[in-house]
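Before this model is used further, I would ask that the points below be read alongside the coordinates.

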Amino acid sequence: MKHGGFAAVAGLAVVLAGTPYAQAPVAPAAAPAPAAAPAAPAAPAPVAFTEAQLRAIQALGPWPTPVRADPSNRVSGHPDAIDFGATLFADPRLSRDGTLACATCHRAGRAFTDGLPRGLGAVDVDVDRNTTTVQNVGGQRWYGWDGAADNLWAMSLRPMLDSREMGGNVAHLAALVRTDPVLQTRYATVFGQPPSGDDEHVAVDVAKALAAYQETLVTGRTPFDDFRDALARGDTEAAARYPAAARRGLAFFVGEGRCTMCHSGPRFSNGEFGDIGISYFIAPGKVDAGRHGGIAQLKSSRYNLLGPFNDDAKRATATSTRHVALEHRNYGEFKVPSLRNVARTAPYMHNGSIPTLREVVRHYSNLDENRLHADGERILKPLGLSKYDTDDLVAFLESLTTPLAP
Amino acid sequence: MKGSQLLVLGAALTASAAQASTQCGAALPGDKRVLENARYQVAYQTSVNPVPVGTHFIVDFAVCPRGKAAAPSSVRVDANMPDHRHGMNYRPKVITIAPGLYRAEGLLLHMPGRWDLTFDLVTGNTTQRLASTLRVE
């Protein structure tokens, strides 16, 4: 049956190959040029996906993915916990000086990012890294640019306790929930009992309610998803609505560009880490160790999935934590970000050093291989893209973003 | 559940060693692949087939010495992408289920493409490596 489905999709490739080029961006015609004039670039050829490319396209969906409760969080998926988490997410009292809520940096109107190269902390200092979106965060293997957390509640706890960010501590969080009558009541509703005298336990529960809320922040469907599904069901009319430029960019993305080596699956990320030649110097003489430091933090954390706060006695989701390997090459590696809603999450990279999608594509096009680890991967090569190729790839990336409601 | 089945099957393997030596991996239920060199045969199967990208999987395998070769004193399992010069981001753990029968846990292939699944069989100062190619999409 699976093979039959692919055969149907492969058959569609013939149709797409013959699709008129009506939606292509205006490109110089391929007519003969005057003898003295430079040759005009040829118009891009219509897209004919190979069978391998069609399989790769199918592997980028479907979207959204099925929602599964997190067994490490006993309130994951509970409506009361989601509501409580939403309230906490917007409450600046979670920060030590009462000025920063989660929502201050993860702004709903900016795809739950802050739009800044690096996040701003409570003490008005830049943190070292770009603020990542909290959309589509449920069910990931690793969290944060360095993957120092293996679960969403630990990831939610980290900025609340970080002196450079919200600057609090477990005693501050627990006291807030114990002393505010509304929060205390809602905590009791969610967790079945009033907040205990154990500060750390209450603080982790706050983080678990925040995680339950964030699991619900799922991006909507995109033009790419509609195209991918149209291919799957052999709907040529629906597939033809996908712009030709995006289609060409997609063919490059899953083909020659080999972007799906890392940006794979429905999230457009393999959830792992890589070195793509972005500087990991934070300041002169100070480096961001990236994944190398993240693994060290993970292994020493009380809040990892092997620790005492995992609500799942079987540790069913702890396999990655048990087996993760610390390698020298992890130094300066950062997490492969999801590309969903990527047009709304600028600036890009772990340090926010690239302001636009077009410049991200240029980074890969002109990649300086000398900046990659000598003992690292040999996947990345300069793509050497023309202006038209760049336009196509940007058009494809933009098609991974949910259209705004009219 | 599968582990307990293997324990039982492993006991059966021990009880009928002669049969196992002629049919390496007979204790493994279902489809399996057999690798061999002059000294060993390795029969293995993966908990998911085909192996998907980005999902942990288990490898159950039998090691069968050939001729006068000694049984390995230790066994390691790993995977790498030769074209990319990197391995996995995870270090598998090998558990002995029964004499000659093992389970490797914690493997995860994080990229599509060609992976070499390797079995290192250590006897004294010698390591014999048998490898199997997996194409992952």
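1. Conventions. The structure is a predicted model, in which local features need pLDDT of at least 70 and side-chain atom pairs count only at pLDDT 80 or more, while totals for chains, interfaces and linings use all residues. Residues are numbered from 1 along each chain as its sequence is written, and chains are lettered from A and ligands numbered from 1 in the order in which they are written.

2. Confidence. The model scores ipTM 0.84 and pTM 0.86.

3. Chain B as a whole. Two helices and nine strands make up the secondary structure of chain B, in the order α-α-β-β-β-β-β-β-β-β-β along the sequence; helices (H or I, at least four residues) and strands (E, at least two) are DSSP runs, numbered from the N terminus. Of its 137 residues, 33% count as buried, where buried requires 20 or more other C-beta atoms within 10 Å of the residue's own, exposed means 12 or fewer, and partly exposed lies in between, with C-beta atoms placed from the backbone. Among contacts in chain B between residues at least 6 apart in sequence, 53% join residues at least 24 apart.

4. A residue within chain B. B:Ala104 is found in strand 7 (residues 101-107) of chain B, and it is buried, with 23 other C-beta atoms within 10 Å. Not counting residues up to four places away in sequence, B:Ala104 touches B:Ile58, B:Val59, B:Val77, B:Pro92 and B:Val94.

5. The contact between chains. On the two sides, 18 residues of chain A are in contact with 17 residues of chain B. Helix 13 (residues 319-323) of chain A gives the most to the chain A side, with four residues. That side has five nonpolar, eight polar and five charged residues, on a scheme in which Ala, Val, Leu, Ile, Met, Phe, Trp, Tyr, Cys and Pro count as nonpolar, Asp, Glu, Lys and Arg as charged, and the others, Gly among them, as polar.

6. Helix packing in chain A. How do helix 3 and helix 8 of chain A pack? Their angle is about 100° and their axes are 7 Å apart, with axes being lines fitted to C-alpha atoms, for helices over the stretch in contact, and angles running from 0 to 180 degrees between N-to-C directions. Helix 3 and helix 8 of chain A are therefore roughly perpendicular to each other, a label that covers 65 to 115 degrees, whereas angles under 35 degrees count as roughly parallel, over 145 as roughly antiparallel and the rest as oblique. The residues of this contact divide into eleven nonpolar, one polar and no charged.

7. Backbone geometry to check. Most residues other than glycine have a negative phi, and most peptide bonds are trans. A cis peptide bond joins A:Trp63 and A:Pro64, with omega about 0°, and another joins A:Ala346 and A:Pro347, with omega about -5°. A:Arg258 has a positive phi of about 55° and, with 19 C-beta neighbours inside 10 Å, counts as partly exposed. Phi of A:Phe268 is near 60°, and A:Phe268 is buried, with 23 other C-beta atoms within 10 Å.

Conventions:
Contact = placed C-beta atoms within 7 Å.
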